[in-house]
Amino acid sequence: MAEERATQPARSTGRIVKQPGALQPTPNLLDYEATCASFSWDEAARALDGLANNGGLNIAHEAVDRHLLHGRGAKTAIRWLGKGGERREFSYADLAAATNRFANALQSLGVQPGERVFVLMGRLPELYMAVLGALKARCVVTPLFSAFGPEPIAMRAELGDARVLVTTPELYQRKVAGLRERLPGLQHVIVVGETVAEGPGVRAWNEVVETARSDYTIGPTDPESMALLHFTSGTTGRPKGAIHVHAAVLAHHVTGRYALDLHEGDVFWCTADPGWVTGTSYGIIAPLTHGVTNIVVEAEFDAETWYGVLDSEQVSVWYTAPTAIRMMMKLGADAVQAHALPALRFMASVGEPLNPEAVVWGEQAFGLPFHDNWWQTETGGIMVANFAALDILPGSMGRPLPGITAAIVQRDADGHVKPVDQPGVEGELALKTPWPSMMRGYLNEDERYRKCFVDGWYLTGDLAKRDAQGYFWFVGRADDVIKSAGHLIGPFEVESALIEHPAVAEAGVIGKPDPTVGEIVKAFVALKPGYEPSEALRRELLGHARKRLGAAVAPKEIDFRANLPKTRSGKIMRRLLKARELGLPEGDLSTLESDEK
Ligand code: AMP
């Protein structure tokens, strides 16, 4: 089977050496050093059109409308595969009309540019229409993960001042209807589906959108105006709303070209949900700016279904994540090899550390390695990648994108930041500012935002190393945030939900390593006087957290403790809870005030 693949790795362990002649089609980034040396964002911007009459830059114009102007209107933009086996194709012209209708619908509801449109639904075609239509209307889009429970939804909608919510009747009834008092600014709820929901400002998609006009002219859009608000989790406090602007589309386009190696004839599939940043930047924007066919699969992960999609849709470029790859590995290579997959030529992975074995397994099972790449909500797009034409060092995240300067930095006693020149030294991964998709702020949290930038570097919060050849290697997070199945989870959010239960006095939440999903959320709780630990109470707390937070965020394990270790200032020492859970050295305990023991 490997013979049918375009890339012929020279050997299956250690460095994976690419033979340039065997790469089909010619990779967009062939000469890494030369491209880095000559790259300029201004020059790269020529690949985009911009709005007519110096109207600025709008993501939706670059992703949709401009293809009509270049004669690609009939090409399939989105091929949607429904859970029940349905298939729907949307050409670029169809998508232009559908997004125009949504933009007109917003206008007729009186929604103004700059107002926030939240989207909470599974991967239905209307999600894509709403996101791109709202961008046309110059509204700010916030996608929410449909597996969130009511609490994460309410918190984000409150912080982000949601004016419009696009959702389904089921999700509305189950998760939002009970929150309306907390969301006085939410004026319009547009529900997609056969059934209807009741509530203030609730309207059916069919009524407001399907009946709207299908022509629309995007108004002048300042490239620096807010386009997307993506919530991400920190160690403490509330989720942070990372602000991204329309100019980010340039980074989406460039990374689509270089890191995902998109060519015009590609059929591309990004498996991430648009509720998370990968599913927006690469599940919607980047592929559409390249005019490729974007596959959208409504169903959740199932290895056999996924192989079926790769096969039946002739996917050529596939962007997925380590948790899914590890689940596929468990099933073995035979399941893959039942499918010929002659079209598949490039596979990439993001979101969490990709084990070297997974890269090598890709070669065995698919005849192609997985190309790991790295980025985060704040960077807006891929920053470090294993590129199509470059050798892969399994376990490494790759090298910086042309146009991006990445370094390992250390702080000195005055808080200044210095890049470390020697290879192999651990430090914080930092990126030289600015770049087009760099976040422009955390909503209403200037101080938190400013702290990310020191001496012209953006500090990522990740620890890493760089080797002598310039490849970056992930070491771990510098903070306590948890990565579970590729999703960033803030321990504070989980602790807050647990503390709302009448039995809980204190809660400390950590990420516990897990061979499949990277980390699972584990909580330690101390009970209030009058409550005793029991199996029944543990189950009740698990249920309570799941109901409030949703399955994606709630803890999978809860342990009881008499007390939790705290610093002198009263902060729970998650680091210590984790070290003890894993039997690791407890480290510096000089700030420890009270202890669980
Ligand atoms: P998010 O903002 O939710 O996309 O999460 C970003 C974080 O995910 C990064 O700061 C890393 O901690 C982690 N991450 C993303 N990609 C990788 C990767 N290729 N290897 C290791 N960790 C990654």
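Which residue in strand 16 does Ala385 stand opposite? I looked this up at the outset and found Arg399.

**Basis.** I worked from a predicted model, in which local features need pLDDT of at least 70, side-chain atom pairs count only at pLDDT 80 or more, and totals for chains, interfaces and linings use all residues. I numbered residues from 1 along each chain as its sequence is written, and side-chain values use heavy atoms, with hydrogens and water left out.

I took strands (E, at least two residues) and helices (H or I, at least four) as DSSP runs, numbered from the N terminus. I counted two strands as paired if DSSP finds at least two bridges between them. Strand 15 (residues 384–385) pairs with strand 16 over 2 bridges, in the antiparallel sense. The open sheet has 9 strands in the order 2-1-11-10-12-13-14-15-16, with mixed pairing. Strand 2 (87–91) and strand 16 (399–400) each have a single partner strand, so one side of each is left without a neighbour in the sheet. I noted helix 5 (residues 125–136) lying across strand 1 (76–81), strand 2 and strand 11 (293–297), at about 25° to strand 2. Contact here means heavy atoms within 4.5 Å; axes are lines fitted to C-alpha atoms, for helices over the stretch in contact, and angles run from 0 to 180 degrees between N-to-C directions.

**Ligand.** I found 17 residues around the ligand, the closest being Asn373, Gln376, Thr377, Arg477 and Lys483; a residue is near if one of its heavy atoms lies within 4 Å. The shell divides into 8 nonpolar, 4 polar and 5 charged residues. Nonpolar covers Ala, Val, Leu, Ile, Met, Phe, Trp, Tyr, Cys and Pro, charged covers Asp, Glu, Lys and Arg, and the others, Gly among them, are polar. Strand 14 gives the largest share, 3 residues. An N or O atom in the side chain of Thr377 is 2.6 Å from a ligand oxygen, and a polar side-chain atom of Gln376 lies 2.8 Å from an oxygen atom of the ligand.

I recorded an open sheet of 3 strands in the order 26-27-28, with mixed pairing. Strand 26 (504–514) and strand 28 (557–560) stand at its edges, each with a single partner strand, so one side of each lacks a neighbour in the sheet. Strand 26 and strand 27 (residues 518–527) run antiparallel, joined by 10 bridges. Ile510 has Lys522 in strand 27 as its bridge partner.

Key. Polar contact = N/O pair within 3.5 Å; in protein donor to acceptor, adjacent residues only side chain to side chain.
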